[in-house]
Structures are given as structure tokens and as C-alpha cells.
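Here is a walk through one structure, part by part. Keep the model open as you read.

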Amino acid sequence: MNIKHHLDEATLMSYAAGSMSQAMALVVACHLSMCTACRNRAHESEAIGGMLLDNLKPAPVGDDALAQVLACIDGLPELEAEPSGASLNTSLNNRASCEKAESFSSNNDQITSASSVPSPLDDYIGSSLEHIEWNRIVPGVHYHDLPCKTERGGVSRLLRIAPGKAMLPHSHDGNELTLILRGSFTDEVGRFTVGDIADLDNEIQHQPLVDSNEDCICLIATDAPLKFSTLLGKIVQPMTGF
Amino acid sequence: MRQAEAPKRWSDRLSDLAKTKDKALYIQLFKHFAPKVKAYIIRLGLVETTAEELMQETMLAVWRKAHLFNPSKAAASTWIFTLARNQSIDWMRKQKYPEYGLESWHEEPDDESDVCEQVVTSDRMAKVISQLPEDQAQVIYMSFYEGRSHSDISARLGVPLGSVKSRIRLASGKIKMMWSDDV
Ligand SMILES: [Zn+2]
Ligand SMILES: [Zn+2]
């Protein structure tokens with residue numbers, strides 16, 4: 001993996017704090033799954049949360065809280081202890097990947113296709129990019145909406161853009177996160193290939209153009225409608241749902 | 001030196017819990033963390049009864065997932081914070097907060113660079129945050145304690161989104177720099 005475009009520090013902090021929309025958090029979690037460098041930065045940001053927890057004035061808990069939790073524990077089936085140092089289970093709080101690891105060992109199909117879909121996303125679309133139901137916006141541009149909650153009229157979707165096609169030039173009212181899952185595009189910021197994330201806010205106006213000979217598939221989230229800078233863009237905006 | 005011992009002790013206890021499944025150890029962890037977890041959830045704006053319930057869910061997850069805790073990546077308080085955060089968000093949104101893990105996605109196995117150079121201990125962070133300028137500490141608190149998005153903070157403080165983000169970047173940069181200076 002040769003990732004050149006990473007998450008903005010403010011975006012990472014928002015993810016760590018749990019203060020970003022589901023839609024944006026999904027894109028962040030997918031990039032973190034693919035990017036060791038940002039994952040280490042995320043651990044540092046989450047440590048701020050740990051510090052805050054440590055410094056909170058404790059709230060009184062119910063008298064029987066401990067007894068209730070202990071009763072639940074006694075009702076739990078015995079969990080097998082993980083072998084120490086198992087590399088799959090070394091990250092923070094990785095319920096998702098742990099469950100994945102279990103299903104991988106029992107299902108070979110998932111192993112072979114796992115490489116195209118980061119695990120936070122396969123909760124929504126399964127483990128392959130091949131079976132997605134696409135809707136057409138205009139020739140060469142397709143989308144698939146995801147059920148993630150957004151802020152202020154944003155979107156949560158996959159986009160599939162054909163070679164040579166460009167998005168309409170636009171700027172943003174809020175934040176926009178775009179993670180490349182297949183193919184590549186180039187815009188005013190630079191060239192984006194698989195694993196790269198475009199983390200943009202309202203200061204930037206851009207027009208992504210697919211610059212290789214395969215369809216570009218990306219995961220995109222916004223937390224406000226885009227602002228199209230051309231008349232054509234303004235006309236098609238109601239149709240595209242951006 | 002003396003200060004760093006307390007958080008480390010909790011991290012050691014949590015690692016021991018994973019190995020031993022010792023109830024007495026768990027009870028110590030519960031008594032220390034449950035009231036803090038509940039306080040955090042109340043700060044996020046949830047009512048008492050809900051906070052109590054989510055606190056119990058979080059503490060149950062501490063038991064169930066103790067084997068996933070890795071003391072070389074995080075302090076116990078940080079790991080428990082992420083559990084409490086996820087429980088609360090899942091409840092508020094009725095949707096699972098997207099989590100990341102080490103991936104089968106990588107073609108090549110994860111290399112050495114995935115090892116955090118060092119676990120951030122909270123006492124050190126507390127000192128660092130107290131040294132931040134007021135406007136930077138404020139955005140950190142509004143994010144982590146109140147769960148507010150950057151655009152929400154921008155609206156409440158009446159400052160542009162870009163300024164909120166740059167305050168957070170500045171704060172984060174200072175926190176991480178002071179932290180590494182302090183090693
Ligand atoms: Zn990255
Ligand atoms: Zn854009």
C-alpha cells in the first residue's frame with residue numbers, strides 16, 4: 001500500500017471524540033483500516049479521550065450495578081482466550097475485525113475477495129465491490145446510497161465514475177471525505193489512488209477527473225450539500241441528490 | 001515517575017484480567033472505571049437511567065473484550081473510553097459506530113511501524129491540556145465531552161468552520177508535541 005493522501009488532523013480528532021456523523025465516521029474507519037500511519041495517529045487522539053475519562057468527577061452508580069453486571073457475566077458462555085500476541089487482535093477495540101477474523105477462518109470466499117472492501121464498509125455492502133446495485137446519475141457516473149446517517153443534508157454513498165469522466169466542478173459548504181477503493185482520479189489537489197483519502201472543506205473548489213482506464217469507485221461522505229459552480233451543475237444538482 | 005504509575009497499574013490489571021478472568025480483579029476495575037464511564041455518558045447529554053444502562057453495557061464489554069486490550073497500544077482508560085464512546089453513539093444513533101481494526105485488507109502483513117512508540121498516559125495528557133490556550137481547550141472539550149461535531153461547534157461559538165478546525169489542529173499538535181517532549 002502506497003498511500004499519499006491522509007486524514008486531516010481535525011478529522012481524526014473528531015472521529016476519536018465520537019463527534020462526527022455516521023457517514024463521515026465510516027469513511028474515516030475505512031481509511032484507518034487501510035493506513036497504518038493514520039491508525040497510529042488515531043491511537044494518540046483516542047488517548048485524549050482516555051485522559052478526559054481519567055479526569056472526570058465520578059458519577060454515583062446504582063447500588064446494584066456491580067451485582068447486575070456480575071450476574072450477566074455469570075450468564076455468559078465461556079469465551080475462549082485469544083492466544084497471546086495474535087496479530088489480528090492487537091488493535092484498539094476491534095470488535096469488527098475480530099468477528100471478521102472468525103468468519104474468514106470459516107469461509108474461503110471471503111478471504112479471496114476481502115482485499116477490495118475494507119471491513120467497516122463490508123457491514124453495509126458485503127465483501128465484494130462486484131455485486132453492488134448501481135443507479136445512474138448521468139452516462140458514466142453511477143451511485144449507490146448507504147444507510148448511514150448524515151448531518152445537515154449530506155450524503156453517504158459509493159460513486160462509480162468511468163474513465164475520462166469528471167465530476168462537475170464544485171466547492172463545499174461543509175466537509176467532504178472521499179476514499180478511493182478502486183482506480184484513481186486527479187483533481188486540483190493531486191492524484192488519488194487506492195487507499196488515498198481526499199479530506200476537503202469549504203476552502204477548496206475542485207473537479208475530480210478519472211485519469212486511468214478503469215472505473216474509479218470511491219466511498220464518499222459530505223455533511224452539507226455541495227456548491228456547484230457551473231450553471232449546469234446547479235441544474236442537475238436536484239437530480240443527483242448531492 | 002511516581003505519577004505514571006497509577007494509569008499503568010490499571011493497564012496491568014486489565015491485561016491480567018484477560019489472562020486470568022479473575023472476578024476480584026474485575027471488581028476493582030469496575031469500582032474505578034464505572035463511575036467515570038457513567039460521568040462521561042452523562043456529559044454526552046444522556047439522562048441518568050440511560051447513562052446507568054450504557055455504563056453497565058460498557059463495563060460488561062470490558063469483561064467480554066478484555067482479550068482485545070493491548071497495553072502496548074493504549075492505556076486502560078483510553079481503551080475503556082473507546083468502548084463507552086461506541087456504546088453511547090450506537091445507542092444515540094441506533095447505528096453501529098464504524099470501527100477500524102487491523103486488516104485482512106493489506107496484501108503485506110503489518111510491519112513494525114504499526115507499533116505505537118509509546119502509550120500515552122493520562123496524567124501526562126492532563127498536564128498538557130491544562131497548558132492549552134482557552135479557545136483551543138474549549139474545542140477539545142466540546143468535541144470529546146459533549147460529542148459536538150465541528151459544524152455544531154462552529155454554529156455555537158459563532159466562528160467559521162475553518163477556524164474550529166484550525167483550533168483543533170493547533171490543540172492536537174501541541175498536545176502531541178508536549179507529550180513527546182515529556183518522554
Ligand atoms: Zn492515512
Ligand atoms: Zn468535492
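**From the cupin span to the zinc site**

The end C-alpha atoms of residues 129-222 of chain A lie 21 Å apart. This span is 0% helix and 45% strand. Helices (H or I, at least four residues) and strands (E, at least two) are DSSP runs, numbered from the N terminus. An unreviewed UniProt entry lists residues 129-222 of chain A as "domain: ChrR-like cupin". UniProt positions follow the numbering used here, feature names are shortened, and annotations may be inferred rather than shown by experiment.

The model is predicted: local features need pLDDT of at least 70, side-chain atom pairs count only at pLDDT 80 or more, and totals for chains, interfaces and linings use all residues. Residues are numbered from 1 along each chain as its sequence is written, chains are lettered from A and ligands numbered from 1 in the order in which they are written, and side-chain values use heavy atoms, with hydrogens and water left out.

Now turn to the zinc ion (ligand 1). Its protein donors are A:H6 (ND1), A:H31 (NE2), A:C35 (SG) and A:C38 (SG), at 2.1 to 2.3 Å. Donors are N, O and S atoms within 2.8 Å of the metal (3.2 Å for Na, K and Ca); water is not among the atoms, so sites may look incomplete. The four donor atoms subtend angles of 97 to 125° at the zinc ion, so the arrangement is tetrahedral (four donors, all angles between 85 and 135 degrees). A:H6 sits in the segment before α1 (9-17) of chain A and A:H31 in helix α2 (residues 22-34) of chain A, so the pair ties together parts 25 residues apart in sequence. A:H31 is buried, at 0% relative accessibility, while A:H6 is partly exposed, at 31% relative accessible area. Buried means under 20% relative accessible area, exposed over 50%, partly exposed in between (1.4 Å probe, protein chains only).

Key
Tetrahedral: all angles 85-135°; square planar, octahedral: opposite > 155°, others 65-115°.
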